[in-house]
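Hello,

Here is the structure I promised to hand over.

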Amino acid sequence: MTEGLRAERQGGPRAEHQGGRAAGHLADTTGQREEGELLNIGAICSDRVCARGHADRVALIWEGFGDRKATYTFGDLKVFSNGFAQMLVDQGIAPGDRVCLFMDKIPSLYFAFLGVLKMGGVVQPLFSAFGDESLEVRLASAGTTAILTTRKHVKKVRKILDRLPDLTHVIVVEGDPSKLKDGEVFFDVESAPRVEEFDVYRSGPETPSVLHYTSGTTGQPKGAQHAHDSIWGQALTTSWVLDLKEDDIYWCTADPGWVTGTSYGIIGPWSLGVTQCVLDSGFTSARWYQFIADNHVTVWYSAPTAIRSLMRDGDELVAKYDLSSLRHLASVGEPLNAEAVVWSEKTYGLAFHDTFWQTETGSIMIANYPGMPIKPGSMGKPFPGIAAAVLDLKTYEPLTEPDSVGLIAFRPGWPSMFRAYLNEPAKYASRFVGAADGATPDELRTDTSLWYVSGDRSSVDADGYFWFVGRDDDVINTGGHLVGPFEIESALVEHEAVAEAAAVGKPDAVNMEVVKAFVTLKPGFEPSGDLELSIMNFIRKKLSPLAMPQEIEYKDKLPRTRSGKILRRYLRAIEWGEDVGDLSTLEDD
Amino acid sequence: MDDIREAVLEYVIDEYIDEDDDMEVDADTALISSGIVDSFSMVSLKAFLENRYDIRIPDEDATPEAFDTVNSIVRIVEKHSN
C-alpha cells in the first residue's frame, strides 16, 4: 500500500465525506494526516508529498517526439505549480475563475493543472486537437477567464477571442515569445524565478476543482463540474484498482483533455506520491513498447483502441522489447473485448483489467481488481462502497434476474461524483431517477434513495459481473471518447454543399465506433470523392479529428419523424445490422 | 514518383500545417509519430490518396508506420497503383 493516503484506506474516505468536516480541516483517524491540512488537490499532489519527505522522488518522466526528455521530482512539481499559481494571482485571476489549459501533453500542462487548483481556480483542460469551433463552444459555456496555451495552439484562440468577452487573459507557456500578439502574456515557468512557497487557497470538499466537457445526444457539450472532495475516490481507486504502490513506475496513456487524463493521469498517482510517465508523441506500437522498456513501466493504464492497435501489429514486434517490468495492466474508455484480454495474457503474460466509469462519475465505478478472476469481456464488479444496479428500461426498477439488460445506475453520494452540469440544473436533475421536482443539485447528489443513471446499458450475471451492452442514447463512443451527434450535424450544415445532415456511430474494429455522416446536398452540388474529402477536412479542422466522419453517405432525403426530427436511431440500426424498431412515427415518403 | 511525392507533400502542408507555422516539413519528416497527423486524421489522408490516384489501400496496409513520412506514403501509393 502506498504510504501517501494510507489513512484514507483504513479510516475510509466515505466516512470523511459523509462527516461534513469544515473546509480544509480533515479528521485524521490514524495519525497519518495533521489537523488543518488542506483539502486542495493541487497541494495534496505536490506539497503534501514533499512534506512527507519525498521531495526528491521522481514525479514525472516526460518524453516528447524525437529525443526530448525531462525528469521532474515532487520538489519540482511543488515549485513549478507554485510558479503557475503565483503568476495567475499576479495576473488578477481570482478563486473560482475558470482557467482553461489548451496544450499538448507537455510538462507545463501538468504543473499548470496543479497551479490553477492551488490558487483556487477551476481548471478546465481541453483536448488540444479541438478545432476553433469546439474550443469556442466550451469556453463560452464556461465563461472562461484565462487560457493557458502554447505557440502551436494560440492561433485557434486568436480566431475566436473577439467572440469571448469573458476571456480576458491569453497566456502562452511555450514557444517563441517574440511571436506573441498584443495583449498576450508569455510565461515559461522553468525559466521564471522559482516560487518555493505559495499560500495555497483553502478549498473545502465542495470547492469546484476540475471542469470537463462531455457530449450528449442533444445540444452542445455540457460542463461536468467536479469538486476537491473527488480526490478521495480517485486516490482510493488508484490504489485498489490500479494497484499503485510507491515504488511503481506508472503510465496512463490518456490525454488530460479528457477525464481519464486528469483523474488517473494526474490526481490519482500523484496523490499517492507515485512516479508517472508521460509520452507526448503520436502513436506507433514500436514507440510505445520502447517507452515501456526504457522507463521500466510497471503499471500501464490504457484504452481498448490502443490495445487493439497493438494486437493488430502482432506478437513479433512485442518480442523485440523487454517488457518484463510490467506487472499490472488496466483499460478504460470503451468495453474491452474478450479477444483483447485473452491476447494480452498470452502476449504479455498479463491480462488487461477492464474498468468502467465516466466523466460524470470522476472515478472508477466498476472494475476488474488485481487478484480477482477475470471473465474476459466483462467490466467486472462495482467498487467497494459503490451501490450499482441495472434498471429496467421502462420502470427504472432494479433488475434481479441474471443476464437481463438494463440501464447501469449508481446510488448517489460517492466523493468524486460531479456536482453540476455548469449552468444546466435541469440536465443535472434529469440524470437522477426518482428525483423530486425542484430538488437542488446538492439534494440530488446526496439522496441515496435515488439512482444516478449512466446512459449505458449492461447486464449482470449470476456472479455479479457486469457486461456492457451499449449506449442508451445516440452519443458516439469513438476511440474511448464521446462525441455528440448534434455538434457534428450543426457543423456539417455549415459546409457550403450540405443541406441536411445526420451523424451516427458505425462499427469499427479498432475504435469500436467511428463517425458516419448521412448528408443531403444543396442544389448545384453533386456527390464525389473530392466533396467527401472536403467535408471530412472541414469537420476535422472545425471540431476535431475525433468528430470527423470517416464515411459520408449521400442521400436524397433523410428519414424523419412526422414531426420533422431526423431518425438517427434508424440510420444507426442499419449500420449495426440491428432491428430498426418501431417506425410508426416515420414520416410518410 | 517525384510527382506523387510533390503532390502528397503539398497536401500534407496545406491540410495539416498552419499557414503561419514555421515548421519545416519535407518528404522524410515524421508525420504520425511526431503527432502532426493523428490516427483519426490519417483516414482523410488515406481518402485523399485513394481519390487522387484512384486506388484502394486496404486497412492492413494503412498503418501508422506506412503513413509516417511522405516517402513511405509514396511507396504505398506505388504499390497499389500497379
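Below is what I found in it.

This is a predicted model, in which local features need pLDDT of at least 70 and side-chain atom pairs count only at pLDDT 80 or more, while totals for chains, interfaces and linings use all residues. Residues are numbered from 1 along each chain as its sequence is written, with chains lettered from A and ligands numbered from 1 in the order in which they are written.

Chain A first. It has 19 helices and 27 strands (DSSP runs numbered from the N terminus: H or I of at least four residues, E of at least two). The C-alpha trace of chain A spans about 70 × 60 × 60 Å along its principal axes. Of its 589 residues, 52% count as buried (20 or more other C-beta atoms within 10 Å of a residue's own; exposed is 12 or fewer, partly exposed in between, with C-beta atoms placed from the backbone).

One residue to look at is Asp461(A), in the loop between β21 (451-460) and β22 (466-471). Asp461(A) is exposed, because 12 other C-beta atoms lie within 10 Å. Leaving out residues up to four places away in sequence, Asp461(A) touches Pro402(A), Asp403(A) and Trp467(A) (contact: C-beta atoms, placed from the backbone, within 7 Å).

Then the interface: 19 residues of chain A are in contact with 18 residues of chain B. On the chain A side, helix α18 (residues 529-542) gives the most, with seven residues.

Best wishes

Methods: Contact = placed C-beta atoms within 7 Å.
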